[in-house]
Amino acid sequence: MKEGKIKDFTDLEIWQLGRKLTSLVYEITKLLLKKAPEEKWIMVEQVRRAVHSICANIAEAYGRYHFADSLNFLYHARGSLKEVKSFLLLIGSLYPSLEDLCNEGEVIADRLNVKLNNYIQSTRNRLNKT
C-alpha cells in the first residue's frame, strides 16, 4: 500500500496489525488447547473473542460517516486490545512454554496500541474541526 492510498479499512495499518495479532493469538491458543484442553471455555474462547473485536471495531469505525461514531468503535477496539494483552500476560506466565509467543504478541499489541492511539487522536482532531 502506498502512503495516503487508503481505499478500505484493510488498508489501515492498525487493521493490518490487528489481523497479525489475531493470527498469533490463534497460534498461541491452538498450542494452549493441546497443553490444557480445560482452558477452552476459560481463556481460549475469551481471548479469541477479544482479538476478533479489535479488527471488527476498527472496520466498523472506518465505515462510520461521523467522527464521533468512529471514536466510539475505536475506543472499543482499544479496550479489546488491552484485554488481549492481559490474556497474553496471563497465558505466558501460566504456561512458560508459550511465553516467547506471548511476548511476541505483547510487542505487536504495544505497537498497535501506539498506532491506535494516534489514529484516535487524529479522529478527535477531525471531529473538533467540524
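Analyst: Let us begin with one residue. Cysteine 55 is buried, with a relative accessible area of 11%. This is a predicted model, in which local features need pLDDT of at least 70, side-chain atom pairs count only at pLDDT 80 or more, and totals for chains, interfaces and linings use all residues. Residues are numbered from 1 along each chain as its sequence is written, and side-chain values use heavy atoms, with hydrogens and water left out.

User: What does "buried" mean for a residue?

Analyst: Buried means under 20% relative accessible area, exposed means over 50%, and partly exposed is in between (1.4 Å probe, protein chains only). Cysteine 102 is buried too, at 0% relative accessible area. Of the 130 residues in the protein chain, 41% are buried.

User: How many disulfides does a search of the whole structure find?

Analyst: A disulfide is a covalent bond between the sulfur atoms of two cysteines. The cut-off used here is a pair of cysteine sulfur atoms within 2.5 Å. The search of the whole structure finds zero disulfides.

User: Now the fold. How many helices and strands are in the protein chain?

Analyst: Helices (H or I, at least four residues) and strands (E, at least two) are DSSP runs, numbered from the N terminus. The protein chain has four helices and zero strands. Along the sequence, the pattern reads α-α-α-α. Helix α1 covers residues 13-35, and helix α2 covers residues 40-62. Helix α3 spans residues 67-94, and helix α4 spans residues 99-129.

User: What box do the C-alpha atoms fill?

Analyst: Taken along the principal axes, the box is roughly 50 × 30 × 20 Å.

User: Next, charges. How many salt bridges does the search find?

Analyst: A salt bridge is a side-chain nitrogen of Lys or Arg within 4 Å of a carboxyl oxygen of Asp or Glu. The whole structure holds five salt bridges. One of them joins the side chains of glutamate 13 and lysine 115, at 3.4 Å from N to O. Glutamate 13 sits in helix α1 and lysine 115 in helix α4, so this pair ties together parts that are 102 residues apart in sequence.

User: Are those two side chains buried, partly exposed or exposed?

Analyst: Glutamate 13 is partly exposed, at 32% relative accessibility. Lysine 115 is also partly exposed, with a relative accessible area of 30%. Glu13 and Lys115 are linked with Arg111 in a network of salt bridges.

User: Which residue forms a salt bridge with lysine 85?

Analyst: Aspartate 110 does, with the closest N and O atoms 2.6 Å apart. Aspartate 110 lies in helix α4 and lysine 85 in helix α3, so the pair ties together parts that are 25 residues apart in sequence. Aspartate 110 is partly exposed, with a relative accessible area of 36%. Lysine 85 is partly exposed at 23%.

User: And lysine 40, which residue is its partner?

Analyst: Glutamate 45 forms a salt bridge with lysine 40, and their closest N and O atoms are 3.0 Å apart. Lysine 40 lies in helix α2. At 29% relative accessibility, lysine 40 is partly exposed.

User: How do I compare distance in sequence with distance in space?

Analyst: Take a pair and look up both values. Glutamine 16 and lysine 115 are 99 residues apart in sequence, and their C-alpha atoms are 11 Å apart in space. Glutamine 16 lies in helix α1. Lysine 40 and isoleucine 91 are 51 residues apart along the chain, with 13 Å between their C-alpha atoms. For glutamate 60 and serine 122, the values are 62 residues and 17 Å.

User: Last topic. Which residues gather in a patch of negative charge on the surface?

Analyst: Patches are made of residues with over 30% relative accessible area and no salt bridge, where like charges are joined within 9 Å and nonpolar side chains (Val, Leu, Ile, Met, Phe, Trp, Tyr) within 5 Å. Here Glu27, Glu99, Asp100 and Glu104 gather in a patch of negative charge on the surface. Helix α4 gives the largest share, three residues. Aspartate 100 is found in helix α4 and is exposed, with a relative accessible area of 64%.

Methods: Accessible areas come from the Shrake-Rupley method with a 1.4 Å probe; for residues, only the protein chains shown count as cover. Lys and Arg count as positive and Asp and Glu as negative; His and the chain ends are not counted. The place of a charge is taken as NZ of Lys, CZ of Arg, CG of Asp or CD of Glu.
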